[in-house]
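Subject: Structure handover and notes

Hello,

Here is the structure for your files. My notes on its contents follow below.

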Amino acid sequence: MADKIKSFFQQKKRDAKFLNAGKGYKLTDSTSSKLTSAEPAKPVLRAEPTEEAKIAGQAALARLEAKKVDKPKFNTSYAAIQARVKREMELERKTQQDLQQAESTALEKKKVERREGRIEDPSTYAVVDVFFRCPYISDEILPRDEWKKKIREFLYDERGGEEPGLTASLIIQNCNSGKEKIENCVETLGKYLENIIKNPDMEKYWKIRMSNRIFQEKVLPVEGALDFLKAAGFDQEVLRQNENEEDFLIWNPDNCSVEELVILYDALKSAEQIPIEIDRNLQVLMPCQARIRNELPPSFFTISSEEIKREQQLRTEAVERNQMLRTKAMREKDEQRVLRRYKFAVLRIKFPDGLILQGTFVVHEKFKNVLEFVIENLAYHEVPFSLMTPDGMKLMEECFDKTLLELRLIPTAILEFSWNTPDGSSCSNMPTGYLKEEILACIQSV
């Protein structure tokens, strides 16, 4: 069968070759009559192109040459990939910034809602607010802002008392904001007094020109500064200076001696802010109450508009930092900066009987203060005990001098209470009661 197919195609090829051979003729025919003499064809003369055609042709050649490009010296496809990655990174960064802006707006809105009382039921708060005591003034328990007002009122009531210089020094420290501002004022006032103390006979140190730039910037804006100079024997007078009348503060040795200036100088340098102590806001909770009261009050989260802008800036920087390789030290530094935003912490001590002892602390307090708080409220404070974090880490003696911030017990934490047995055996012989009876009376009805 294969041979037949092969011979069939060979025959088709022969037939095609015969047909292409042209018209045939007989051998008896004269060849001379059939062949015609071939006359040479005259060449066709080409017309000379016009000047316009030449110019057009040259222009066309120039365009063709311009289209020819050398082989690129770099990988254009890789460059395109890089450009695309860059565009996507920019888009991602912008999206992240928009998200952060939305979060900041939501935070500001939440602040307004908290101030106006348009938030969740306050009964869900773990604490109503952060409260303080001031043993120097009274036994009242008030929020920080209330204490600032009360301290101001107390000091201004004492201005006309027996120690006006000391009172003025305390006003400088307690009624002004800005540490640098206060320090600059104290340094300037101290220099005025020090010049007179060291050179009591040089009258040039007796005068303070009130239009002086340093006086205007560092002394005059600070509450209590003029009261202090008055207590130091300075009186305000108008003197002629360079054909102009100006206000001066003149020291009068009859109003305050050099010895008294020394005492006032020491009072100025040693004065500090009147301390206020955080109130533990002790509470004893049932398990069901602890589950409900798990929100923190506005005072734990309220921040100023400047702080919001700073927070936005930090988040933007964080986005940029996340796009580069960073060391462990750099990451730890950023973590510490985030943790520093917290000022207070609510700690809950959970006892084996289910009761929970709750207290409020400053994040910079040491853990031993937490232990003292627990001991003060235990029925059997002489029995050793231990506290353990929910992840099973026992807070040993080496933790006692660490702050709550360092131990990451912020802004809230639950610690498990257990008795320490001498040999590590069962606690069956240990006390079954934990808190004092008067503390148990603090349990609120559900």
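Predicted model: local features only at pLDDT ≥ 70, side-chain atom pairs only at ≥ 80, totals over all residues.

Residues are numbered from 1 along each chain as its sequence is written, and side-chain values use heavy atoms, with hydrogens and water left out.

Overall

The protein chain has 15 helices and 11 strands; these are DSSP runs numbered from the N terminus, with helices (H or I) of at least four residues and strands (E) of at least two. Of its 446 residues, 29% are buried (under 20% relative accessible area; exposed is over 50%, partly exposed in between, with a 1.4 Å probe and protein chains only). Among contacts (heavy atoms within 4.5 Å) between residues at least 6 apart in sequence, 66% join residues at least 24 apart.

Strands pair if DSSP finds at least two bridges between them. S4 (residues 234-241) and S5 are antiparallel, with 8 bridges, and Gln-241 stands opposite Asn-244 in S5. Their hairpin has 2 residues between the strands, and Asn-242 there takes a positive phi near 55°. S3 also runs antiparallel to S5, joined by 3 bridges. Lys-207 has Ile-250 in S5 as its bridge partner. The charged end of Lys-207 also sits over the ring of Phe-248, 5.9 Å from its centre (the criterion is NZ of Lys or CZ of Arg within 6 Å of the ring centre and within 35 degrees of the ring normal).

Aromatic pairs

Rings of Phe, Tyr and Trp (its six-membered ring) pair if their centres lie within 6.5 Å; planes under 30 degrees apart are stacked, over 60 edge-to-face, and the rest tilted. The count by this rule is 10 aromatic pairs. Trp-206 and Trp-251 have ring centres 5.1 Å apart and planes at 85°, so this pair is edge-to-face. Because Trp-206 lies in the loop between helix H7 (179-198) and strand S3 (207-209), and Trp-251 in strand S5 (residues 244-251), the pair ties together parts 45 residues apart in sequence. Trp-206 is buried at 18% relative accessible area, and Trp-251 is buried at 3%.

Phe-351 and Phe-417 form a tilted pair, because their centres are 4.7 Å apart and their planes at 45°. Phe-351 is in the loop between strand S8 (344-350) and strand S9 (356-362) and Phe-417 in strand S11 (residues 412-419), so parts 66 residues apart in sequence are tied together. Phe-351 is buried at 2%.

Nonpolar cores

A nonpolar core is a set of buried Ala, Val, Leu, Ile, Met, Phe, Trp, Tyr and Cys residues joined through side-chain atoms within 4.5 Å. The largest has 32 residues, and Phe-367 and Phe-417 are among those touching the most other members. H14 (367-377) is one of the elements giving two or more residues to this core, and H14 supplies its largest share, 5 residues. Another core, of 26 residues, lies apart from it and includes Ile-172, Leu-193, Val-222 and Leu-268.

Regards
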